[in-house]
Amino acid sequence: MTTTATPSAKPKINDANLKRRYAAEFRFKLYGILAISVGLIFLALLLWSVVSKGYTAFQQTEIKLDIEFSKSVIDPDDLAAEDPNVLLIANYPVLAKNALAKYLGISKKDKINLKMVKSMISAGTRTQLRNMVVADPSIIGTTQSVWILASGNVDSVVKGQFSLEIDESRRPVKDQQVSWIQRMQKEGVLKKRFNTGIFIFGASSRPETAGIAAAMVGSLYMMLIVLVLALPIGVAASIYLEEFATKNRFTDLIEVNINNLAAVPSIVFGLLGLWAFINVAGLPRSASLVGGLVLTLMTLPTIIIATRSALKAVPPSIRTAALGLGASKMQMVFHHVLPLAAPGIMTGTIIGLAQALGETAPLLLIGMVAFVADVPTTPLDPATALPVQIFMWANEAERAFVERTSGAILILLGFLLIMNITAVILRKRFERRW
């Protein structure tokens, strides 16, 4: 009698449960993609808003004029040979006004049109022409072709920042001036050129002569102070806590407080700096030194936490091997552990500096909202910072400062982007996989 083997029974799969599980997994992925998409959309809108308003800040309207450096205006009494300061106080705007009036064919007796001509030229022309004469007094008595800054209102017209369709009485630029602008544009003597002034000028009440030079130098001084102070102190504290300190309640308390300090609002550090560095230590208000010290206090917890994480990431076998070969604990830390943790330390430091570069609130409390027209030469000179300069320009009433604000934001974002890309490159370049 032949027997037939029956196949072993296969476990039954609940198709309904499997479908629900797959459906739940699909929904989870969909929610993740949706969340990322929404974030990217808002980021794109933010960048578009800033770029669309700020890219014009890197162009400035200028007028090309044949300016006669008349001695009767610059030095009518022939005193410059005895006192060179005479060249500094000459009435240079008259030279630009006369040149533009001559180009437009306006008589010197036509006071109304001369007044409109004068308002089309930036007051910054005084400094530009004065510097030319001081650098080369031999141009007195000659005629030079010079690109001079147009006024902020003319610049706004050229950039289309307000409508010319509204009534003339409600516009800062009159119809006659608009016709002159259009004529000069057609003849190529009025153009938008690259705005180097936004990088080399200091603070100004006039948008066409306002720049971020003082703010950039102030931020540079502060970042150097933060780097010099926060990096060695933060790394030393991290090494001690991670490698040498005994684990007890006291060190646990220190760790908890460091973590809490990293979450403290930055304005609190501004209050601390106001009391400690200005009221008690008597350091000068609005100085880059004070700003750097305040930002150092704020950045220290970030660097300590990042450094400790980098030290923990080094495998224990490295420590054991170094000690087994006869290295002291100090040699083990500084010859083996610290070099391997360096990429993480550098990354944490750069991220901490980038965070400090974008801070505004603590700097407002220590008086770095001062109107600083001259570039600071030392950390003790009055200064401001890039985010504070943005804050001050955002409060200006003139329309032209809107583009200056957005332009400064783009510059600040550029610095932050460079710093973060540097952090990523350093980590990729020196990081080791265990």
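**Figure 1. Salt bridge between Asp155 and Lys159 in the predicted model**. The side chains of Asp155 and Lys159 form a salt bridge, with an N to O distance of 3.0 Å. Asp155 is buried, its relative accessible area being 2%. Lys159 has a relative accessibility of 14% and also counts as buried, because the limit for a buried residue is under 20% relative accessible area.

**Figure 2. Network of salt bridges that includes Asp155 and Lys159**. Glu403 and Arg404 join Asp155 and Lys159 in a network of linked salt bridges. Side chains of opposite charge can pair when their charged atoms come close.

**Figure 3. Salt bridge between Glu242 and Arg308**. The two side chains meet at 3.0 Å, N to O. Arg308 counts as buried, at 9% relative accessibility.

**Figure 4. Salt bridge between Glu243 and Arg319**. The side chains of Glu243 and Arg319 meet at 2.7 Å, N to O. Glu243 and Arg319 are both buried.

**Figure 5. Salt bridges in the whole structure**. A search of the whole predicted model finds 11 salt bridges. Among them are the pairs Asp155 and Lys159, Glu242 and Arg308, and Glu243 and Arg319.

Terms used:
Residues numbered from 1 in each chain as written. Predicted model: local features only at pLDDT ≥ 70, side-chain atom pairs only at ≥ 80, totals over all residues. Heavy atoms only, no water. Salt bridge = Lys/Arg side-chain N within 4 Å of Asp/Glu carboxyl O. Buried < 20%, exposed > 50% of the residue type's maximum accessible area, 1.4 Å probe, protein only.
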